Amino acid sequence: MNPSGVIYQSEDAVLSLDDGKATLYHGGEMYTFACQPYEPMAIICKNDAPVAYIHNAFDVDAECETFMTNPEHLVNTITRRYHNAEHFCRLLTVAIDRGYEWQIDDLEKEMFELVRWENHEVFYKIEDIELGRYGDEPEDEVDPSEWDEEPDTDILEHPEYEILYVIIDGVKYLLRGDWISTLSIKTAGEKGKKAIKARIHQFNGIPEAYPGYWRGGALFSLVGGGIKYNTEIFCQILAYAVRTGKKDYNLREIEKAIGLRGT
């Protein structure tokens with residue numbers, strides 16, 4: 001039981017329950033909640049006027065009632081994600097701060113990325129380039145049935161759970177490889193096609209699958225028989241793609257340009 005009525009409190013947010021009604025104080029403002037029960041859709045209100053909608057989500061008042069009787073409660077959404085009191089509160093504050101009308105999966109993705117960035121790890125850093133990874137996804141957000149088995153090695157990891165980033169000349173980009181041999185460099189905070197800063201084709205490997213190698217800095221080949229990269233060389237490739245200003249590159253083109261291949 002939580003007799004104080006406070007569900008969760010941080011430096012800039014207090015989520016509480018009084019007489020069955022949840023209240024959120026955030027950014028100097030007070031918010032209350034309504035619910036359209038059929039989805040259900042959570043409605044966040046300020047001065048009785050809606051300021052954000054979360055579709056296919058939850059009834060905030062009902063979830064807070066459960067937190068009052070069980071502080072270890074996890075809110076389970078239709079995406080099979082689980083949220084403790086802290087991350088449930090952060091879903092609400094992100095919905096207020098970063099948008100107006102949300103689908104629950106988009107809001108969860110936004111919140112996960114924010115939380116993971118707060119715990120990011122730096123692999124490599126010089127004056128104008130930084131490479132690293134976002135922190136691990138918090139365990140309370142993952143359905144236990146989706147947990148990975150123990151990895152065979154501490155080097156090869158699961159790319160679907162990794163977010164690699166690079167900061168070049170003060171701008172943060174996210175890196176994403178695919179099985180069609182293309183590495184995309186996307187501007188963080190932007191969505192859709194406009195987020196793509198550059199694409200490197202014939203990049204035969206998934207960089208986010210190898211955080212252990214980037215962390216260690218040793219030379220290795222993403223594909224057997226290919227040119228070996230270490231973290232510094234990988235960053236040179238990324239920086240060339242960003243700074244030269246083209247949208248699409250062939251990897252061999254960049255390797256020649258930075259002196260890894262002969263003409």
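A helix here is a DSSP run of H or I at least four residues long, a strand is a run of E at least two long, and both are numbered from the N terminus. I keep in mind throughout that this is a predicted model.

**Entry 1: the largest pocket**

I looked up the largest pocket, and its volume comes to about 990 Å³. Its lining counts 32 residues, and those closest to the centre of the pocket are Lys 109, Glu 113, Ile 163, Leu 174 and Lys 191. Helix H3 (104-117) is joined by strand E13 (171-177) and strand E14 (182-187), each of the three supplying at least two residues of the lining. By class, I noted 17 charged, 11 nonpolar and four polar residues in the lining of the largest pocket.

**Entry 2: H3 against H2**

On the H2 side I listed His 87, Arg 90, Leu 91, Val 94, Ala 95 and Arg 98, which meet Leu 107, Glu 108, Glu 110, Met 111, Leu 114 and Val 115 of H3. The contact of H2 with H3 has seven nonpolar, four charged and one polar residues.

**Entry 3: H2 against H1**

Next I turned to the packing of H2 with H1. Helix H1 (residues 60-69) and helix H2 (residues 85-98) have their axes 12 Å apart and pack at an angle of about 160 degrees. From H1, I found Val 60, Glu 63, Cys 64 and Phe 67 in contact with Ala 85, Phe 88 and Leu 92 of H2. By class, this contact of H1 with H2 has six nonpolar residues, one charged and no polar.

**Entry 4: backbone in two loops**

Lastly I checked the backbone. Most residues other than glycine have a negative phi, and most peptide bonds are trans. Where does Asp 19 lie? I placed Asp 19 in the loop between strand E2 (13-18) and strand E3 (21-26), and its phi is positive, about 55 degrees, although Asp 19 is not a glycine. I also noted a cis peptide bond joining Glu 39 and Pro 40, with omega about 0 degrees. Pro 40 belongs to the loop between strand E4 (29-36) and strand E5 (41-46).

Methods
Residues are numbered from 1 along each chain as its sequence is written. This is a predicted model: local features need pLDDT of at least 70, side-chain atom pairs count only at pLDDT 80 or more; totals for chains, interfaces and linings use all residues. Side-chain values use heavy atoms; hydrogens and water are left out. Axes are lines fitted to C-alpha atoms, for helices over the stretch in contact, and angles run from 0 to 180 degrees between N-to-C directions. Contact means heavy atoms within 4.5 Å. Ala, Val, Leu, Ile, Met, Phe, Trp, Tyr, Cys and Pro count as nonpolar, Asp, Glu, Lys and Arg as charged, and the others, Gly among them, as polar. On a 1 Å grid over the protein atoms alone, a cavity is a set of points where a 1.4 Å probe fits but cannot get out, and a pocket is an open set with protein on both sides within 12 Å along at least five of seven lines; lining residues have an atom within 4 Å of a point. Grid points are joined across faces, edges and corners, and a volume is the space filled by probe spheres set on the points.
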